Amino acid sequence: MQMKHIISFDIEDWFHPEIFSDMFSRQDWDNLESRVKKPTELILTFLSRKNIKATFFYLGWVAERFPELVEQTAAEGHEIASHGYSHQMITKLSPEAFRLDLRKSLQVLNSLSPAPVTGFRAPTFSVTKETMWSLPIMYEEGIRYDSSVFPIHHDRYGIPDAPRNPYVIYRDGDNTLMEYPMSTARIGTLNFPCAGGGYFRLYPFIFSKSLMKKCAAEGRQIVFYAHPWEFDTDLPRVKLGTLSKLRHYTGIKKFLERLDKVTDQFEFTAFREVRKDLEVMV
Ligand SMILES: [Zn+2]
C-alpha cells in the first residue's frame, strides 16, 4: 500500500503571524478587517474537489468569531485540532498562561467539533528545548498528539537535533503524547524543511517536489502545512523588513496551483486517519 501523507492547515487571520505581533496588539484584532473566511472556504472547496480529508488547527480566536466555519469544516469530514487561542508563542508564556490559553481554545473547539479535539500545533512552531515544560500541560488538557517541532535551525523556532520521524515526546505511565515533527529532507548535514508554508512558496517548485520525493522515498511521512492567508491573493501589504517581506508575500499566487500538483503526486489525509492506522497496527 502506498504511504499516506498528512496535510494540515493552521487557521488564523492575516494579522496573526508572529511578524505582526509588534505592529498589531491583541486589542486591535477586532478592529482589523478579517479575511480568514474566504481563503478557508477556498481550501475546503479545493479539498472537496480532490476528495482529501485534512486536519485543521483552528486558532480559538477565529473559531469563536466564525463558529459556522469550524462546523462546516467538521461537517465536510475534516479533523478539528487546536492552534491555541491567541497565537502567542509558548516561549513567551508562563506555564499557567499557556495552560489557560490552550484550555480556552479547547473549550471553543470541543463545543463545535463532533469528535474530541486531541491534536495541537503551537503558534510559530514554538515547542522548543526551552518549552518542554508545555508537554505535560498539553497532555493534562487532553492533547494526545502535537505537531509543532521543526527539526531545523531558524531564528524563531526549531530543535535542530530532534528526531525527524514521529516519536513519543511525553509519557505518562502507559499513555503517550506523540510528536509529528514538521517534514525535513536531509542534504549533506542540513535538514531542509520540505512541505509547506513559506518554504513551499519560496523554493523553486521543482526543488520542493524533489525534497518531498526524497522524504517519501526514505519512508518518511510528509507533514504538509499551510495557512489561509497563503491563498489570499489580495492579502493586505504591510510594511515589513526585506527578509520578512520575502518570507511572507512570495509565491502566494502560485500556492493553490502547486498544491494541486503535489496532491496529485502524493496521497494525503488527516492526522486522525494516520493515527487510526497506527492503533490498528498496535
Ligand atoms: Zn499560526
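The protein chain has ten helices and eleven strands. Helices (H or I, at least four residues) and strands (E, at least two) are DSSP runs, numbered from the N terminus. This is a predicted model: local features need pLDDT of at least 70, side-chain atom pairs count only at pLDDT 80 or more, and totals for chains, interfaces and linings use all residues. Residues are numbered from 1 along each chain as its sequence is written.

Start with the chain as a whole. Along the principal axes, the C-alpha atoms fill a box of roughly 50 × 45 × 40 Å. Of the 282 residues, 42% are buried. A residue is buried if 20 or more other C-beta atoms lie within 10 Å of its own, exposed if 12 or fewer, and partly exposed in between; C-beta atoms are placed from the backbone.

Now the helix. Helix α3 spans residues 67-75, and its buried residues are L69, V70 and T73. They lie on the same side of α3, because they cover an arc of only 100° around the axis. The arc is that of the directions from the helix axis to the C-beta atoms. On the other side of α3, E68 and A75 are exposed. Just after α3 comes G77, with a positive phi of about 90°.

What packs over the buried side? The cover of the buried α3 residues includes the helices α1 (37-50), α2 (60-65) and α4 (95-112). Strands β2 (55-58) and β3 (79-82) are also among the covering elements. Contact here means that two C-beta atoms, placed from the backbone, lie within 7 Å.

Those two strands belong together. β2 and β3 run parallel, joined by four bridges. Two strands pair if DSSP finds at least two bridges between them. Within this pair, T55 stands opposite E79 in β3. In β3, E79 and A81 point one way, and I80 and S82 the other. All four of these β3 residues are buried. In a regular strand the side chains alternate between the two faces of the sheet.
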